[in-house]
Amino acid sequence: MRKHPPDKPEPSPFAAALLAQAGGVATVLALAFALAQATQLGFWQFPLVPALTQGVAAALIALWQRAPRWWLPIHLGFAPLAVTVYGLDIAPGWFLAAFVLTLLIFWRTDQSRVPLYLSNRRTANALVALLPATPVTLIDLGCGLGGLLRQWAKARPDCRFVGIEHAPLPCLIAQLRTRGMANVTVRHGDFWPEPLGGYDFVYAFLSPAPMPRLWHKACAEMAPGATLVSNSFAVPDIEPASVVEVTDRRATRLYLYRV
Ligand SMILES: C[S@@+](CC[C@H](N)C(=O)[O-])C[C@H]1O[C@@H](n2cnc3c(N)ncnc32)[C@H](O)[C@@H]1O
């Protein structure tokens, strides 16, 4: 298997998903044509039938593409759901509004491969317990709604906390929630160009996809002795300096790497 360069983003799965859907449509069109030739059967009379056929074909193509398993129900259900919802006669503006809202919350998850989910209070406390008694600087890569920054900043007013978030709505919420906190800065943007040399702790709660690239960046930029803390997602093939087990319901693990 071709290895992906560790300093580049993982390719977006969007193109493959589009290809599977297009393959499903092509299959349905070919079937409709063949059936019309052979039997004069009205394939389009019951729109759910071609929609389901398209879904099955798209899911099979995704299987052939070796897409992660969770793509299969999405491919299977997309066209049938679209046909069903179309039948409900909902004004198109609602779909546009839902699309814009989703975009504002999740931004380009197809590229980052990191959706929005939040670290919990116990995890925030576990991280505070790791900080030394002397003042340090910490960055939350993809700070979401800023809840962690708020909690850390209250617990350690002597430390400086920075968050970077590229999704517009979560970033705005994080900025509003931390306004007036002198030791917190929340910036809107992409964290990949952010130099990590000035931080004692780099916190990331991302997904498995960007971890090799993050490790590459950390090794290139972080100061000796600085710590990379990854919530839940280990860096493949790299032994962490230690692992902190948080006593929360999802049994969170914090992977600590010394660069
Ligand atoms: C799993 S959430 C974690 C939120 C927060 N750090 C926490 O632990 O509660 C990951 C966040 O990273 C953001 N994100 C992903 N890639 C990003 C990037 N390249 N630049 C800035 N933010 C990014 C996502 O929008 C999402 O809000």
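An axis here is a line fitted to C-alpha atoms, for helices over the stretch in contact, and angles run from 0 to 180 degrees between N-to-C directions. The exercises below use a predicted model.

**Exercise 1.** Find how the axes of helix H6 and H7 are placed, and classify their crossing.

*Solution.*
1. The axes of H6 (residues 121–130) and H7 come within 10 Å and cross at roughly 40 degrees.
2. Angles under 35 degrees count as roughly parallel, and 65 to 115 as roughly perpendicular. H6 and H7 are therefore oblique to each other.
3. The crossing of H6 and H7 is right-handed.
4. On the H6 side, Arg121, Ala124, Leu127 and Val128 take part, and they meet Leu148, Gln151, Trp152 and Ala155 in H7.
5. By class, this contact of H6 with H7 has six nonpolar residues, one polar and one charged.

**Exercise 2.** Describe the shell around the ligand.

*Solution.*
1. The ligand is surrounded by 23 residues, and the closest are Ser112, Ser119, Gly142, Gly144 and His166.
2. At least two residues of this shell come from helix H7 (147–155), and at least two from strand E2 (160–165).
3. The shell divides into 14 nonpolar, six polar and three charged residues.

**Exercise 3.** Give the strand order of the open sheet and identify the strands at its edges.

*Solution.*
1. The seven strands run in the order E3-E2-E1-E4-E5-E7-E6, with mixed pairing.
2. E3 (184–188) and E6 (242–245) stand at the edges; each has a single partner strand, so one side of each is left without a neighbour in the sheet.
3. From one strand to the next, the twist averages 20 degrees.
4. E6 pairs with E7 (residues 253–258) in the antiparallel sense, over four bridges.
5. Glutamate 245 stands opposite arginine 253 in E7.

Conventions:
Residues are numbered from 1 along each chain as its sequence is written. This is a predicted model: local features need pLDDT of at least 70, side-chain atom pairs count only at pLDDT 80 or more; totals for chains, interfaces and linings use all residues. A residue is near a molecule or strand if its C-beta atom, placed from the backbone, lies within 6 Å of it. Ala, Val, Leu, Ile, Met, Phe, Trp, Tyr, Cys and Pro count as nonpolar, Asp, Glu, Lys and Arg as charged, and the others, Gly among them, as polar. Angles under 35 degrees count as roughly parallel, over 145 as roughly antiparallel, 65 to 115 as roughly perpendicular and the rest as oblique. A crossing is left-handed if the near helix is turned anticlockwise from the far one by less than a right angle, and right-handed if clockwise. Two residues are in contact if their C-beta atoms, placed from the backbone, lie within 7 Å. Two strands pair if DSSP finds at least two bridges between them.
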